[in-house]
Amino acid sequence: MTRTRLSAEAAAGHVRYTYRLRVSSSARRALLAEWECCRWVWNECVARSKRAYLAAETCGPARLDRMLTAARAASPWLAAGSSVPQQQVVRDFGKSRAKAQKDIKGRLPQRQRAGLPTHKKKRDAAPSLNYTKRGFRLKGGRLHLAGGIVLTVVWSRKLPTAPSSVRVYQDRVGHWHCSFVITSEVRPLPATGRVLGVDWGVKETATTTSDAHDLPHAEHGRKAQTRITRYDRMVARRRPRKGQRASKGYGEAKKWRAKAYAKIARQRQDSARKWAKKVVTDHDVIAVEDFRPKFLAGTTMARKAADAAIGAAKRALVEMARKHGRDIRLVHPSHTTMDCGRCGARAKHALPLSERTYTCTACGSVSPRDKNSARVMLVRAGLDPAGAEGTRPPGAPLQEAARARNPLPPGRGAVKPSGTCAARRTRQARASGGLLRG
Ligand SMILES: [Zn+2]
């Protein structure tokens with residue numbers, strides 16, 4: 001009934017440790033030169049794979065590898081760049097293309113598909129270089145990259161083990177970072193004998209089966225909103241006309257705006273991590289709604305902010321649970337507002353949003369709507385809600401009954417509810433006044 005959709009990186013117990021870099025002007029020039037080579041390789045891959053597609057030929061990684069070898073032999077400027085990050089570009093391109101093709105084959109709706117890899121423009125693409133083990137070295141606390149580039153790392157925390165690869169990149173604010181991939185060891189926490197169900201929402205980012213573990217929407221974006229609106233106007237005013245060079249002020253305004261957004265993201269991550277730590281410390285098994293914000297692209301500002309808060313909380317929870325060896329189960333979100341968390345009966349119609357309490361017609365239990373959904377997560381994950389806080393009416397059947405009533409797994413085979421997850425959330429946002437900014 002549960003699907004665990006953790007990334008390959010996560011499943012293998014790999015984590016990223018990210019640090020700021022101090023980059024000298026000569027190192028910056030060298031990094032940007034490397035990036036120009038990598039960008040050319042990527043764009044060449046895009047062009048080749050398009051041509052191969054039109055000619056009805058295959059264009060696998062081996063072929064692209066040969067293309068790179070030939071290109072390096074033919075153009076000295078490309079060969080002047082290090083081969084490690086360029087080969088990594090070919091590999092990344094292959095992965096990205098394979099993902100897009102899998103989505104097309106799997107007949108995913110357009111908005112959920114990974115798009116086919118596209119051309120990276122000089123102006124828009126942020127520099128990012130990947131080095132495998134043979135392409136970098138840590139010596140005397142400094143990061144040495146292939147091609148003689150030396151960078152000073154700001155060691156904000158200790159690197160626990162030797163890294164297997166590193167990504168060096170520049171963010172939108174213009175700062176350089178490096179992120180090392182290391183194999184993490186699990187740090188187990190004492191068992192608690194408790195389980196938790198988590199439902200995501202607009203007003204409360206997370207509603208759980210334990211009142212003490214609910215996460216109210218922190219609304220980090222609200223305070224910053226006036227500032228961001230100002231920068232948005234500034235960017236619009238300074239935007240170059242077609243065919244004109246962008247001014248320095250335009251670049252600056254964009255940087256300020258990026259800085260403001262980065263700050264909100266940091267605040268979100270901070271509160272999400274603190275909450276996740278508490279949840280993981282207090283529970284052995286956590287059943288979480290498998291929320292995918294992609295469903296909701298193109299909605300209001302308030303909606304986007306709430307989605308970002310949910311995304312940050314879910315990410316932090318999955319990471320934290322993995323770090324401490326807790327069992328985390330991702331539950332498909334369909335029907336979670338229509339099912340009864342106690343007896344498993346499904347309501348005939350989706351609840352109207354004005355209705356904040358869930359009343360079951362089958363067993364007569366009454367509970368707040370979001371709390372009911374949180375209990376549904378537990379039942380769907382095959383957990384006993386009795387292990388959660390709150391009492392169960394005596395004799396109320398548990399998940400066996402729920403399974404008997406809903407024999408279909410809530411995956412793709414299941415009947416779509418009258419209101420999809422996305423529609424439900426949009427309605428939720430509307431019902432709560434649409435004034436919530438995050
Ligand atoms: Zn019921």
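**Exercise 1.** Is Trp-155 buried, partly exposed or exposed, and what is its relative accessibility? Characterise the aromatic pairing around this residue.

*Solution.* The model is predicted, so that local features need pLDDT of at least 70 and side-chain atom pairs count only at pLDDT 80 or more, while totals for chains, interfaces and linings use all residues. Residues are numbered from 1 along each chain as its sequence is written, and side-chain values use heavy atoms, with hydrogens and water left out.

Step 1. Trp-155 has 34% relative accessibility and therefore counts as partly exposed; buried means under 20% relative accessible area, exposed over 50%, and partly exposed in between (1.4 Å probe, protein chains only).

Step 2. Rings of Phe, Tyr and Trp (its six-membered ring) pair if their centres lie within 6.5 Å; planes under 30 degrees apart count as stacked, over 60 as edge-to-face and the rest as tilted. By this rule the count comes to 8 aromatic pairs. In one of them, the ring centres of Tyr-19 and Trp-155 are 4.9 Å apart with planes at 65°, so the pair is edge-to-face.

Step 3. Tyr-19 belongs to strand E1 (residues 14–22) and Trp-155 to the loop between strand E5 (149–154) and strand E6 (165–170), so the pair ties together parts 136 residues apart in sequence. Helices (H or I, at least four residues) and strands (E, at least two) are DSSP runs, numbered from the N terminus. Tyr-19 is buried, at a relative accessible area of 1%.

Step 4. Phe-136 and Phe-180 form a tilted aromatic pair, 6.3 Å centre to centre with 45° between the planes. Phe-136 lies in strand E3 (residues 136–139) and Phe-180 in strand E7 (residues 176–183), so this pair ties together parts that are 44 residues apart in sequence. Ring pairs link Tyr-19, Phe-136, Trp-155 and Phe-180 into a cluster.

**Exercise 2.** Which residues coordinate the zinc ion, and why is the arrangement of its donor atoms assigned its geometry?

*Solution.* Step 1. Donors are N, O and S atoms within 2.8 Å of the metal (3.2 Å for Na, K and Ca); water is not among the atoms, so sites may look incomplete. The SG atoms of Cys-340, Cys-343, Cys-360 and Cys-363 coordinate the zinc ion at 2.2 to 2.4 Å.

Step 1. Four donors count as tetrahedral if all angles lie between 85 and 135 degrees. The 4 donor atoms here subtend angles of 107 to 111°, which makes the arrangement tetrahedral.

Step 2. The donor residues follow the spacing C-x2-C-x16-C-x2-C in sequence. Cys-340 is in the loop between strand E12 (327–331) and strand E13 (357–359), and Cys-360 in the loop between E13 and strand E14 (366–368), so the pair ties together parts that are 20 residues apart in sequence. Both Cys-340 and Cys-360 are buried.

How values were computed:
Tetrahedral: all angles 85-135°; square planar, octahedral: opposite > 155°, others 65-115°.
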